[in-house]
Amino acid sequence: MAAIELRGLSKVYPGGVRALDALDLVIPDGEFFALLGPSGCGKTTLLRTIAGLESATGGSVLIGGRDVTGTQPGGRDVAMVFQDYALFPHMDVTDNIAYPLRIKKVAKGARRAKAAEVAARLGLDHLMDRRPGQLSGGQQQRVALARVMATQAQAYLFDEPLSNLDARLRLEARTFLKKLQRELGVTTVFVTHDQAEALAMADRMAVMEAGHIRQIGTPAEVFQRPANTFVAGFIGSTPMNLLDGSVRGDTLEVAGCKLPVPAAAEGRVSDGDTIVYGVRPEYMTYSAEPAEGALSGKVAIVENLGASHLVTLDVAGVNVQAVVPEGGEPAVGDEGHAVPRRDRALVYRDGALV
Ligand code: ATP
């Protein structure tokens with residue numbers, strides 16, 4: 001087990017694509033860390049550079065305090081699950097899972113027992129004699145996960161480990177993976193583009209954009225106080241309302257409405273500032289009656305979220321969304337008023353949280 005540290009890590013691919021731009025990051029020993037970001041932001045490149053499958057073009061990678069920047073993958077003592085699983089087609093599930101143990105010369109009985117134990121926890125126990133070609137994509141993915149988890153390593157690296165599971169299995173595997181990681185205490189870095197998965201599983205996470213890390217924090221920190229408008233727009237199953245506005249004396253003018261300055265921004269904004277007002281749809285109180293400090297407009301869309309509804313108001317030509325509890329939902333065309341929670345709203349200036 002070991003901490004992972006990146007110092008000024010850069011990767012420029014031949015042709016000039018700057019996939020990683022001078023990243024600094026410390027992942028303490030035993031942490032479950034998520035790399036989150038949109039397609040092409042550099043998540044896979046970062047994971048592969050930690051594993052040694054890509055060579056850094058600048059900066060360094062340390063694992064357990066040891067500089068491994070020039071070390072071959074085999075010498076780094078990390079185990080990685082690839083997006084394409086990399087299973088051996090001619091081996092059955094048991095042998096695939098036990099393969100790294102065979103390389104380490106673990107006795108046959110012991111490695112088969114270990115393979116069976118991990119496989120059982122991933123719900124693969126009835127498939128042990130099958131070959132990868134006889135498994136579904138989701139089952140293959142679990143075999144690849146089991147192979148890594150049966151291995152003793154200083155760190156585990158997972159590239160989209162749950163992407164091929166159906167929605168229900170994905171939720172189960174998420175819980176399982178988190179529990180197993182806790183028990184094993186092995187430093188784990190996993191890549192995902194699913195913000196809900198990162199929020200649910202990670203101890204801490206980094207949100208990436210175009211080769212840069214835009215925020216590092218616990219899921220609660222990143223959800224409640226996104227450091228910039230990029231992260232604010234990326235995190236949350238219903239995206240945060242990000243509304244252009246300005247400071248007018250001691251109030252804000254947003255979409256033609258007058259709002260109080262949020263608690264977090266008090267004393268941090270000045271008259272005349274151009275701002276972006278951020279508030280999650282979940283942090284709005286919706287009412288059919290006019291209310292002070294409300295964003296008021298006409299109901300444009302009502303979407304069913306199950307136990308609640310997502311209501312989109314057209315406020316002077318700007319879409320504003322609010323989550324409305326079951327039973328309280330308006331009809332399209334109604335007048336509606338959404339009051340942001342003052343203790344939850346945020347203000348961004350020049351893209352950064354004030
Ligand atoms: P996804 O979620 O789609 O897998 P990602 O965040 O993992 O994306 P990377 O695969 O790390 O992104 O790619 C980062 C950038 O580097 C992209 O612009 C990609 O096109 C580029 N890139 C990746 N591999 C290579 C390569 N071998 N040669 C040149 N450019 C590459």
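# Briefing on a predicted protein model

Of the 354 residues in the protein, 50% are buried, where buried means under 20% relative accessible area, exposed means over 50%, and partly exposed lies in between (1.4 Å probe, protein chains only). This is a predicted model, in which local features need pLDDT of at least 70 and side-chain atom pairs count only at pLDDT 80 or more, while totals for chains, interfaces and linings use all residues. Residues are numbered from 1 along each chain as its sequence is written, and side-chain values use heavy atoms, with hydrogens and water left out. The protein contains eight helices and 21 strands; helices (H or I, at least four residues) and strands (E, at least two) are DSSP runs, numbered from the N terminus.

**Overall dimensions, surface and charge**

- Taken along the principal axes, the box filled by the C-alpha atoms of the protein is roughly 75 × 45 × 35 Å.
- The protein exposes about 15600 Å², of which carbon and sulfur atoms supply 49%; accessible areas come from the Shrake-Rupley method with a 1.4 Å probe, and for residues only the protein chains shown count as cover.
- Among contacts in the protein with a separation of 6 or more, 65% are between residues 24 or more positions apart; contact means heavy atoms within 4.5 Å.
- The protein carries 37 positive and 41 negative charges, and their mean positions are 10 Å apart.
- In this count Lys and Arg are positive and Asp and Glu negative, with His and the chain ends not counted; the place of a charge is taken as NZ of Lys, CZ of Arg, CG of Asp or CD of Glu.

**Strand pairing and hairpins**

- Strand S16 (residues 295-304) pairs with strand S19 (residues 335-340) in the antiparallel sense over four bridges; two strands pair if DSSP finds at least two bridges between them.
- Within this pairing, glycine 297 has glycine 336 in S19 as its bridge partner.
- S16 also pairs in the antiparallel sense with strand S17 (residues 308-315), over six bridges, and valine 302 stands opposite valine 311 in S17.
- Three residues lie between the strands in the hairpin of S16 and S17, where glycine 306 takes a positive phi near 100°.
- S9 and S10 run antiparallel and are joined by five bridges, with glutamine 215 in S10 as the bridge partner of valine 207.
- The hairpin formed by S9 and S10 has two residues between the strands.

**Positive phi values**

- Most residues other than glycine have a negative phi.
- Alanine 22, in strand S2 (residues 18-27), has a positive phi near 50°.
- Alanine 22 is partly exposed, with a relative accessible area of 43%.
- Alanine 210 has a positive phi near 45° and is placed in the loop between strand S9 (204-209) and strand S10 (212-217).

**Helix H1**

- Helix H1 (residues 43-51) is mostly covered, as seven of its nine residues are buried.
- The buried residues of H1 are Lys43, Thr45, Leu46, Leu47, Thr49, Ile50 and Ala51.

- Glutamate 31 lies in the loop between S2 and strand S3 (32-36) and is buried, with a relative accessible area of 11%.
- Apart from neighbours within four places in sequence, glutamate 31 is in contact with Gln181, Val186, Thr187, Thr188, Asp203 and Arg204.
- Aspartate 67 is found in strand S5 (residues 66-67) and is partly exposed, with a relative accessible area of 46%.
- Not counting residues up to four places away in sequence, aspartate 67 touches Ser60, Val61 and Leu62.
- Aspartate 67 and glutamate 5 are 62 residues apart along the chain, and their C-alpha atoms are separated by 9.1 Å.

**Cysteines**

- The structure holds zero disulfides, a disulfide being a pair of cysteine sulfur atoms within 2.5 Å.
- Cysteine 41 is buried, with a relative accessible area of 2%.
- Cysteine 257 is buried, with a relative accessible area of 11%.
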